[in-house]
Amino acid sequence: LLFPNPLLVLEHNIFSFDDTVNPWLIFSFFLYFIGLTSTIANKTNLLYTVMSFELMYLGVITSFVILGSIAHIFNAYVYGLILLIFTACESAIGLGILVAVYRLDGSADWSTLEDLGG
Amino acid sequence: MQLFLNLILFFANVPNQYARTYSGISIYLLFATVLCILLTSIAYILSLSSVQDLEKKSEYECGFEPFDNATRLPFDVHFYLVGILFLIFDVEIALLFPWTVGIRLCGWFGFYLVVSFVFVLGVGFLYEWKRGALIWPAKQETVPGTKPNLKKSENNNRVVSAAMLLFLPHDNIVVTASYSLFSSPKMAFIPELLFVLTITAVLAYIAYGLNKKGNIGNIALDALNLLSCCLLVMLFIYLCLAYNGKIHFLFRGCLVSTPYSNLVKSLILVSGLFMLYYSRRFIISNPNYLLEYPLMISLALLFMFILVSANHLLVAFFAIVGFSLNIYVLILYNTQKTPGREATVKYYYLSAISSGLMIYGIFIIFFIFRTLQMDEIEQLLEETGALNKFANGWLLQYAVILLLGGLFFKLGSFPSHLWAADIYEGSPDTVVGFFMLPTKIATLSFLIQLVTTPFSSVSLVWQPIVAFAAGGSILWGCYGALSEINTKRFLAYTSINQMGFLFLGISAVSAQGYVATFQYLYIYAVINLGFLLVFLNLCNQRGTSLRYLTDFRGLYKSKIVPSEILTFVFFSAAGIPPFAGFFGKYDLIEALMLSQTYGLVIIALATSLVSTYYYLRVVKIIWFERQHKMPQIHFSIPLQATTIQIVAIESMLWCLPSASSYSFRFSQLASRVIFYPLSTNLI
């Protein structure tokens, strides 16, 4: 089967504490965390924001893939792939918004947009 | 060749047993390298090169004159357009790679799926082409687009109106059809399939119309009518499936069709249909700019249907991201340019952060349970006494906080509510309705499914979070709405407040609480629909919508029916006894009392008293204040008045269930259906 039935859980395929200190998972958590902090810190240019989202999602994708490889779950690879696609869609829409804002406003800098004041 | 390979492997210190397995890939690498070198050298030898050309010496920008002596100054924005196209098509090709690996395992089913995928992609490409998105550089269109020939589209209009009036009240057909037609599991997926087909057909139709240089306004209205008709048929099927009362698992349990989900879908559909139908005037105002508007709304609705019937956390996440993607574009359709842009950027930024939080929460859940199917997670939690086994639940706690945090953002409730007022103000009017009704109904129903299906046995983990959000959003919504005069911001704050009331039932953690939540959800939908239908049909002397609440002054003089409807709606929202809102709030507070969460009861009662002030303020403005310039109203089609009256009756006569069959049927089914335990049906 391409998508193995998740009900057939393998015997070694259970939660264990050793996985939480897996260096690769920690690495991908750091990727995610760097992306998140840079998203929150950079509120100037829309392009920085889009790139930070990419980094954030990249952390999650690598987490899925690494967990798939250490716990032998095939589904996790597919999740990573599908996640990649939605990330691409999100950043494409982000770039679209950037182009629209740029055309109307003359710059992609959105720190000056303060009409609504919230 | 083999000798050469062995040499390479020897120098690379590769152990001999790998040589056989990797020989294929080494040949491939070698061939690629040799081919590259060969082609480059041939090109180098054969081409005519000159060093004298000035163009070749200067700095090179892809196909452009270099900007400003090619210093690192702002980039040309055209590159982003190419980037978008590249990103989309590249990634869509990536979707085909897993299929190439498992081409034999997938069989004909996989083949048909891939063919349909490529077909939809092709239609999208055709549309893009005919719309002129691929023209380089993009033409600056100064012509606002041709106005539609209204006489021609009026006939189609009447057909849709008649169909709407026929479909909504009659439920005898639904009951009979539900037992004869819709009992097989294949029928459970029919409505979504139909919707996808219709959307593709509409895309193709628009591309054809643009090719023929047809009247662009008529094309947009035809697309809207076609999608409305499709939604009506889907409403019928959903009601049938809800009546039939069977549970079907689809796509290996990724989606589930329960009576509950079908009922919620019908509610989403009705509200979305109204929003789609009433954006007619908005679309006519600038048809060239708003050609994709009905398609965007339909796609968002499709993702919402998937969200409601999701039984897999990742599917639910994709559905949430999917409808957010459409909403970004919908907000940008605001005709007042600056606030629309700002609202889009803000919503994009905040929404992407919230999805980022949610997806990490989902990853942690996957890490703990090694599965993302919601019913399986429930089973695992019930079997093992989860809190002890899974690391005393702290990991699960983080996951639930992240997941609920993301959902709270989409619902606009307390900890992440600050976006709501700004973004409502910056959106077009119909999109505000879309925010308030279908989006929130879908997300809230997913929240209810989340806390009832996977996390029903760990209510200790999520109950405090939901209770915190409930109390906070009730208080904040009440505080914000007290002194607000902008209509859309007022709507935002009242919806935050009502969202808090909806959370009250969830934080009661009892069957009664969930049923009360669902009933209040229905009342919430009806109340806001009533207000929005009046709001969308009113306009100033100048033709703009009534931006401030003070614009409603003296409405009763020009039109009596809408002012009566608004009065009913606001009495109902304030919770004054003969109206529906009272019974909704009463049920919620009763459920809270029974589960002994008295703190929330006190907050709810106190703010309910305060909220009567700001609702009655609007009623006072309508009936007791005078203005020289009367607001105008567009009740051109009798259907609009009729539907508004239906809404008014629904909001008024909740206490007399037999008077309005739809609401009665809804509440009855809801209370019966909401607790279908999913896990009992598993083999």
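This note goes through selected features of a predicted model, chain by chain and element by element.

1. Ground rules. In this predicted model, local features need pLDDT of at least 70 and side-chain atom pairs count only at pLDDT 80 or more, while totals for chains, interfaces and linings use all residues; side-chain values use heavy atoms, with hydrogens and water left out. Residues are numbered from 1 along each chain as its sequence is written, and chains are lettered from A, ligands numbered from 1, in the order in which they are written.

2. Chain B overall. Chain B holds 28 helices and four strands. Helices (H or I, at least four residues) and strands (E, at least two) are DSSP runs, numbered from the N terminus. Of the 683 residues in chain B, 55% are buried. Buried means under 20% relative accessible area, exposed over 50%, and partly exposed in between (1.4 Å probe, protein chains only). The accessible surface of chain B is about 30300 Å², and carbon and sulfur atoms account for 67% of that. Areas come from the Shrake-Rupley method with a 1.4 Å probe; for residues, only the protein chains shown count as cover.

3. Contact range in chain B. Take contacts between residues at least 6 apart in sequence: 80% of them join residues at least 24 apart. Contact means heavy atoms within 4.5 Å.

4. Helix 18 of chain B. This helix spans residues 419-426, and eight of its eight residues are buried, so it is largely enclosed by the rest of the structure. Among the buried residues are B:Trp419, B:Asp422, B:Tyr424 and B:Glu425.

5. B:Thr430. This residue belongs to helix 19 (residues 429-452) of chain B. B:Thr430 is buried, at a relative accessible area of 3%. Setting aside residues up to four places away in sequence, B:Thr430 touches B:Met275, B:Tyr278, B:Ser279, B:Phe282, B:Tyr293 and B:Leu536.

6. B:Ala223. Look for it in helix 9 (residues 216-244) of chain B. Its relative accessibility is 0%, so B:Ala223 counts as buried. Beyond its neighbours within four places in sequence, B:Ala223 is in contact with B:Val202 and B:Ile206. B:Val202 is 21 residues away along the chain, with 5.9 Å between the two C-alpha atoms.

7. Helix 25 of chain B. Residues 580-594 make up this helix of 15 residues. From first C-alpha to last it reaches 22 Å, close to the 21 Å expected at 1.5 Å a residue. The expected span is 1.5 Å times one less than the number of residues. Its buried residues are B:Ala580, B:Gly581, B:Gly584, B:Lys585, B:Leu588, B:Ile589, B:Ala591 and B:Leu592. They cover an arc of only 160° around the axis, which puts them on the same side of helix 25 of chain B. The arc is that of the directions from the helix axis to the C-beta atoms.

8. Positive phi to check. B:Gln596 follows helix 25 of chain B and has a positive phi of about 60° although it is not a glycine. B:Gln596 sits in the loop between helix 25 and helix 26 (598-624) and, at 57% relative accessibility, counts as exposed. B:Val509, also not a glycine, has a positive phi near 50°. B:Val509 lies in the loop between helix 21 (487-507) and helix 22 (511-537) of chain B. At 33% relative accessibility, B:Val509 counts as partly exposed.

9. Chain A. A:Ile34 is in helix 1 (residues 23-41) of chain A. Its relative accessibility of 46% makes A:Ile34 partly exposed. A:Ile26, A:Phe29, A:Phe30, A:Phe33 and A:Ile34 make a nonpolar surface patch of about 450 Å². Patches are made of residues with over 30% relative accessible area and no salt bridge: like charges are joined within 9 Å, nonpolar side chains (Val, Leu, Ile, Met, Phe, Trp, Tyr) within 5 Å. A salt bridge is a side-chain nitrogen of Lys or Arg within 4 Å of a carboxyl oxygen of Asp or Glu.
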